[in-house]
Amino acid sequence: IYAKPEVASNEERQQLIISDALLVNGDVEIGFSYRKHRVKNNGNKIPQMLEVIKPHSTFVLTIKTKYSFEEIQKFMKKYHDNRANSIYKEDEKSFIARIGKYVGMEYMVDNGKNLRNRFGKPLATYSIYNSDKLKDVMFGWVKLELIDEDSYKNCLSKIKTQEQEYYKTKEKRQENIIKGIKLLEQKARQKALEKQRELEEEKRKALEKKAKEEAKLASMSPLERKIEEFIQENPNMPKNTVLFNSIKDRKLDEYKFEALKLLKELMIKQKEWKETTKAKKPEKDKNFKRTQEVIKMLKEVK
């Protein structure tokens, strides 16, 4: 147990050396350290986030010292006696002590009566710990218990088993992560391959479509190619309307007679050819009106 070097009255404690404590069972949690004043109600300042050992955790450790266990108990009892917030207890093989962070001035203040700062004024601040499960808890109270060599070896054996299980679990987790990465890579490659196949299929279909269109155009007459060209320029317009407008706009003058004959055939096929009408207003009958225009143009060409 280490004391601050400048504290000259703790020579006995300075001669106790605690080895690294090994966790037998327990866990840690994240909480907040708040500084408070024993007298003034000045509220909590900005807290410090801490990782602390959860209550009821168990560690095994060794203490190297020239003192006997009974002498250590005596020193620790003296150190904790007469302090306002001490919960010191002991029995034949154990004692309760306060160690670790915030066990110096914050613990030694005793409502500001027993210790003064460098300006000669009483200290009256202390730190408490808060988490989801703990509220206003003092830091660092532990129970130190003397165990025999067999118990110590059993603890070490248990820790070794836990370490082996930990590394085995860690290794298994790493294997699963590697498998997961490989699976993702495999899926990515498969997806890229499928995408490439889709692009190749789209390209093949586009070439096939182009070849069919070229073959279709090659088999057409000059008039049919012209009409197809106008249809491509007006994809949302009916073929009869495209042909009729092209004739009226004089785009097919060199093939006008053939174009009018073709238009008449298409109108007859689609039942749009009407040489007579029963409509009260013939000018409102679109099919009749267009038929009359086609007949007129045919007569003019003849």
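How many of the 10 residues of H6 are buried? Seven are, so helix H6 is largely enclosed by the rest of the structure. The views below begin with an overview and then move to single sites.

This is a predicted model, in which local features need pLDDT of at least 70 and side-chain atom pairs count only at pLDDT 80 or more, while totals for chains, interfaces and linings use all residues. Residues are numbered from 1 along each chain as its sequence is written, and side-chain values use heavy atoms, with hydrogens and water left out.

**View 1. The whole protein.** The protein has eight helices and 11 strands. Helices (H or I, at least four residues) and strands (E, at least two) are DSSP runs, numbered from the N terminus. Of its 302 residues, 25% count as buried; buried means under 20% relative accessible area, exposed over 50%, and partly exposed in between (1.4 Å probe, protein chains only). The protein exposes about 22,700 Å², of which carbon and sulfur atoms supply 52%. These areas come from the Shrake-Rupley method with a 1.4 Å probe, and for residues only the protein chains shown count as cover. Among contacts (heavy atoms within 4.5 Å) between residues at least 6 apart in sequence, 56% join residues at least 24 apart.

**View 2. Helix H6 and its neighbours.** The buried residues of H6 are Asn-240, Thr-241, Val-242, Leu-243, Phe-244, Ser-246 and Ile-247. They pack against helix H5 (222-233), H7 and H8. Just after H6, Arg-250 takes a positive phi of about 65 degrees, a positive value in a residue other than glycine. Arg-250 is found in the loop between H6 and helix H7 (256-269). With 64% relative accessibility, Arg-250 counts as exposed.

**View 3. The second largest pocket.** This pocket has a volume of about 210 Å³. On a 1 Å grid over the protein atoms alone, a pocket is an open set of points where a 1.4 Å probe fits, with protein on both sides within 12 Å along at least five of seven lines; lining residues have an atom within 4 Å of a point. Grid points are joined across faces, edges and corners, and the volume is the space filled by probe spheres set on the points. The lining holds 13 residues, of which Thr-241, Phe-244, Lys-286, Asn-287 and Arg-290 lie nearest the pocket centre. Helix H6 (239-248) and helix H8 (286-301) each supply at least two lining residues. The largest share, five residues, comes from H8.

**View 4. Charged side chains over rings.** The charged end of Arg-290 sits over the ring of Phe-244, 4.5 Å from its centre. Lys-251 lies over the face of Phe-230, at 5.4 Å from the ring centre. A charge sits over a ring if NZ of Lys or CZ of Arg is within 6 Å of the ring centre and within 35 degrees of the ring normal.

**View 5. Aromatic pairs.** The whole structure contains three aromatic pairs. Rings of Phe, Tyr and Trp (its six-membered ring) pair if their centres lie within 6.5 Å; planes under 30 degrees apart count as stacked, over 60 as edge-to-face and the rest as tilted. One of the pairs joins Tyr-67 and Phe-75 edge-to-face, at 4.7 Å centre to centre and 80 degrees between the planes. Tyr-67 counts as buried, at 18% relative accessibility. Another pair, Phe-69 and Phe-95, is tilted, with 5.8 Å between centres and 45 degrees between the planes. This pair links distant parts of the chain, 26 residues apart: Phe-69 is in helix H2 (residues 69-80) and Phe-95 in strand E8 (residues 94-98). Phe-69 is buried, with a relative accessible area of 16%, and Phe-95 is buried at 2%.

**View 6. The loop at His-56.** His-56 has a positive phi of about 70 degrees although it is not a glycine. The loop that holds His-56 runs between strand E4 (48-53) and strand E5 (58-60). His-56 counts as exposed, at 77% relative accessibility.

**View 7. Leu-23 and its contacts.** Leu-23 is in strand E2 (residues 22-25) and is partly exposed, with a relative accessible area of 37%. Leaving aside residues up to four places away in sequence, Leu-23 touches Ser-57, Thr-58, Phe-59, Ile-159 and Gln-162. Leu-23 and Ser-57 are 34 residues apart in sequence and 7.8 Å apart in space, C-alpha to C-alpha.
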